[in-house]
Amino acid sequence: MPTIEIAGKDIDVNEEGFLTKYDQWDEAIAKVLAEQIGVEMTDEHWKIVNFLRSDFKSAGETATSRRVQVVGGFPIKEQFVLFPKKPAKKMAYIAGLPKPKGCV
Amino acid sequence: MRNLLVLGGGTAGTMVANKLYKKLDRKEWTITIIDKDDEHIYQPGLLLMPFGVYSPEELIKSRRHFIPKGVEFIQSAIEKIVPELNQVFLVGGRAIDYDQLVIATGTTPRADQTPGMSDPKVWKKSVFDFFTFEGSLALRDALANWEGGRLVVHITEMPIKCPVAPLEFAFLADAYFTERKMREKVTISYVTPLEGAFTKPTCSRALGGMLSDRNIILEPDFMLEHIDPEQKIMVSMDEREIPFDLLVTVPLNMGDDLIARSDMGDELNYVPVDKTTFLSKKYSNIFALGDASDIPASKAGSVAHFAVDIFAENFMQHISGQPMTGKFDGHANCFIESGAGKGLLIDFNYETEPLPGMFPIPVVGPFPLLKESRLNHLGKLAFRWIYWNLLLKGRWIPISDQMSMAGKHRAFEEKQNGEKKEVDHYAHH
């Protein structure tokens with residue numbers, strides 16, 4: 001698996017650029033990842049990313065768009081506005097988590 | 001006496017009852033199985049019935065017919081599971097005690113979960129599902145009388161029953177309208193929330209090529225928000241619109257509402273389990289098998305079959321207080337109909353995506369993998385006999401529950417290892 005440097009740190013990623021180690025993530029890294037895919041982080045973005053981080057810790061899997069809606073309370077439609085075209089994938093990417101199983 | 005209670009008499013529940021009836025000491029254990037009806041449906045046939053391959057009678061048999069005589073079958077709807085009491089309550093109030101519980105209540109397409117989909121103006125008139133018996137039958141009549149227009153084949157959201165079935169539907173529709181000499185009157189689109197034709201990359205490329213070869217338009221990344229029943233338009237979450245004359249959809253799939261009533265499910269009513277043993281993450285005497293669990297695998301009969309093989313061995317260890325040593329690897333194996341009497345075969349697990357090559361099946365094999373052939377189509381047809389006569393009854397069939405790399409093409413070294421592994425597998429049986 002490749003290692004890349006983001007925000008001055010060496011980070012392990014998979015062949016698609018998703019982080020592979022939960023604990024290597026921090027907010028500075030998330031900002032860089034978001035920029036790479038054209039997302040400018042606002043408070044609303046952070047709320048969703050923080051939900052994904054904490055949900056992954058308890059559930060052991062990346063939340064799907066539906067779970068972000070049902071459990072997190074962020075409607076899928078809003079996810080599409082904040083993370084256009086491919087919200088599930090983009091949210092996971094920025095949150096430093098694996099792609100959710102729905103799109104594996 | 002201890003009681004093993006199985007909820008659901010479908011593919012997984014029936015196989016569990018058969019396997020464990022042979023293994024458990026009958027002086028110590030009783031087995032009870034509950035289902036709301038007595039109709040066992042051969043689900044792979046629902047894909048083919050709309051094209052006239054099967055008649056309705058060929059796809060339904062009595063559940064009791066496949067359950068051993070010594071197993072009690074209760075025909076009743078279930079109100080609630082109460083794990084704290086080790087009891088299941090039937091509708092009407094009767095309580096059934098259990099020592100070990102297997103939840104095999106499956107998954108159901110839920111058109112009611114998407115606004116506009118089940119609107120009486122369109123539902124079973126221009127919008128159909130095919131993974132229910134009634135939907136499949138209604139679709140058969142609709143296709144037979146259709147004069148052409150825009151056919152849209154659609155997946156609402158993953159996970160669904162058998163992720164390749166909607167693709168097969170698109171291939172079969174192409175062949176069906178070609179044979180009826182009206183293909184030029186029909187446009188076929190394949191609309192999916194995924195990035196491509198299938199969930200795994202190599203397979204997605206191969207199957208995507210098969211779509212374009214057949215002049216089927218692929219519309220990826222389409223997450224349905226609602227259907228406008230007046231104008232017959234599908235509208236996505238990001239406000240893209242796709243008009244249709246005939247929509248064949250796979251609605252959102254959810255586990256049984258019983259799971260929600262019992263407060264035992266995730267956001268789609270699937271029971272969270274360990275993905276290698278199917279033991280509930282919360283209760284040490286409850287398992288969920290087949291489509292009812294949240295394992296990240298296809299909701300398909302082949303997964304249930306391989307899973308039950310491993311479960312049955314594990315269960316014997318579990319009830320004698322030993323750790324479970326069998327680990328399910330996510331093995332799935334599916335024949336894919338590609339139309340005009342041909343088919344493909346794919347074989348994969350949690351870690352390994354479907355690869356091209358040859359699949360060894362003793363006596364009748366090898367079958368080509370990820371490649372169209374007549375043999376694979378015949379394999380699919382033969383499987384109905386295998387299902388009714390061998391698989392449900394828990395008899396041995398010559399396919400291992402663990403995926404093997406034998407015959408699959410990837411790196412040369414791995415193939416060498418794979419071949420060695422395969423010899424061990426069959427020697428073991």
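Chain B exposes about 17,400 Å², of which carbon and sulfur atoms supply 52%; accessible areas come from the Shrake-Rupley method with a 1.4 Å probe, and for residues only the protein chains shown count as cover. This is a predicted model, in which local features need pLDDT of at least 70 and side-chain atom pairs count only at pLDDT 80 or more, while totals for chains, interfaces and linings use all residues. Residues are numbered from 1 along each chain as its sequence is written, and side-chain values use heavy atoms, with hydrogens and water left out.

Buried residues, meaning those under 20% relative accessible area (1.4 Å probe, protein chains only), make up 60% of the 429 residues in chain B. The radius of gyration of chain B, taken over C-alpha atoms, is 22 Å, which agrees with the value near 22 Å for a compact globule of 429 residues, the rule being 2.2 Å times the number of residues to the power 0.38. The C-alpha trace of chain B spans about 65 × 55 × 40 Å along its principal axes.

| Charge | Side chains in chain B |
|---|---|
| Positive | 47 side chains |
| Negative | 57 side chains |

Between chain A and chain B, the buried area, which is the accessible area (1.4 Å probe) that two parts lose on being put together, summed over both, is about 1,600 Å². Arg66(A), Lys77(A) and Phe80(A) supply 37% of the area that chain A buries against chain B, more than any other three residues.

Terms used
Chains lettered and ligands numbered in written order. Buried < 20%, exposed > 50% of the residue type's maximum accessible area, 1.4 Å probe, protein only. Lys, Arg positive; Asp, Glu negative; His and termini not counted. Charge placed at Lys NZ, Arg CZ, Asp CG, Glu CD.
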